[in-house]
Amino acid sequence: MMNPKVATMIGFAKRSGNLANGFTAVSIHLKKGNAKLVIVSEDIAEDSKRKISNLCKNHGVRLLAHGSRDEIGAAIGRGPTTSIAILDKKFAKIVEENLL
């Protein structure tokens with residue numbers, strides 16, 4: 001189950017334009033150096049998780065698994081979503097503190 005504070009912060013990040021969602025968008029922001037934190041759903045496909053994990057390691061970005069694809073999607077007002085990247089340091093820090 002997704003932490004309610006995390007869901008709220010993810011929603012705020014989305015509404016403020018500080019969140020990328022979906023594999024392609026997350027990959028692009030990782031490569032550009034914009035991603036501060038990446039969150040994948042606990043039910044993401046292993047191949048996708050491996051690819052995102054490798055990108056995160058290569059670019060020094062923390063990767064966390066939290067919530068289901070439905071919960072992440074609901075938090076950002078979309079359908080099921082398996083991966084998101086938070087693009088703002090402050091949002092990333094708050095989310096990370098609530099997950100660790």
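This is a predicted model: local features need pLDDT of at least 70, side-chain atom pairs count only at pLDDT 80 or more; totals for chains, interfaces and linings use all residues.
User: Happy to start with H3: what span does it reach from its first C-alpha to its last?

Analyst: Helix H3 runs over residues 46-59, which gives it 14 residues. At 1.5 Å a residue, the expected value is 20 Å, and the helix comes close to that. From first C-alpha to last, H3 reaches 20 Å.

User: Which residues of H3 are exposed on the face turned away from its buried side?

Analyst: Let's begin with the buried side, where Ile52, Ser53, Leu55 and Cys56 are found. These residues cover an arc of only 165 degrees around the axis, so they lie on the same side of H3. What covers them includes helix H2 (23-32) and the strands E2 (37-40), E3 (62-65) and E4 (83-86). The face turned away carries the exposed residues Glu46, Lys57 and Asn58.

User: Good to know! Which element gives the most residues to the largest nonpolar core?

Analyst: That core has 17 residues, and among those touching the most other members are Ile10, Leu19 and Ile86. Two or more residues come from each of helix H1 (4-15), E2, helix H4 (69-75), E4 and helix H5 (89-99). With four residues, the element that gives the most is H1.

How values were computed. Residues are numbered from 1 along each chain as its sequence is written. Side-chain values use heavy atoms; hydrogens and water are left out. The expected span of a helix is 1.5 Å times one less than its number of residues. Buried means under 20% relative accessible area, exposed over 50%, partly exposed in between (1.4 Å probe, protein chains only). The arc is that of the directions from the helix axis to the C-beta atoms. Contact means heavy atoms within 4.5 Å. A nonpolar core is a set of buried Ala, Val, Leu, Ile, Met, Phe, Trp, Tyr and Cys residues joined through side-chain atoms within 4.5 Å.
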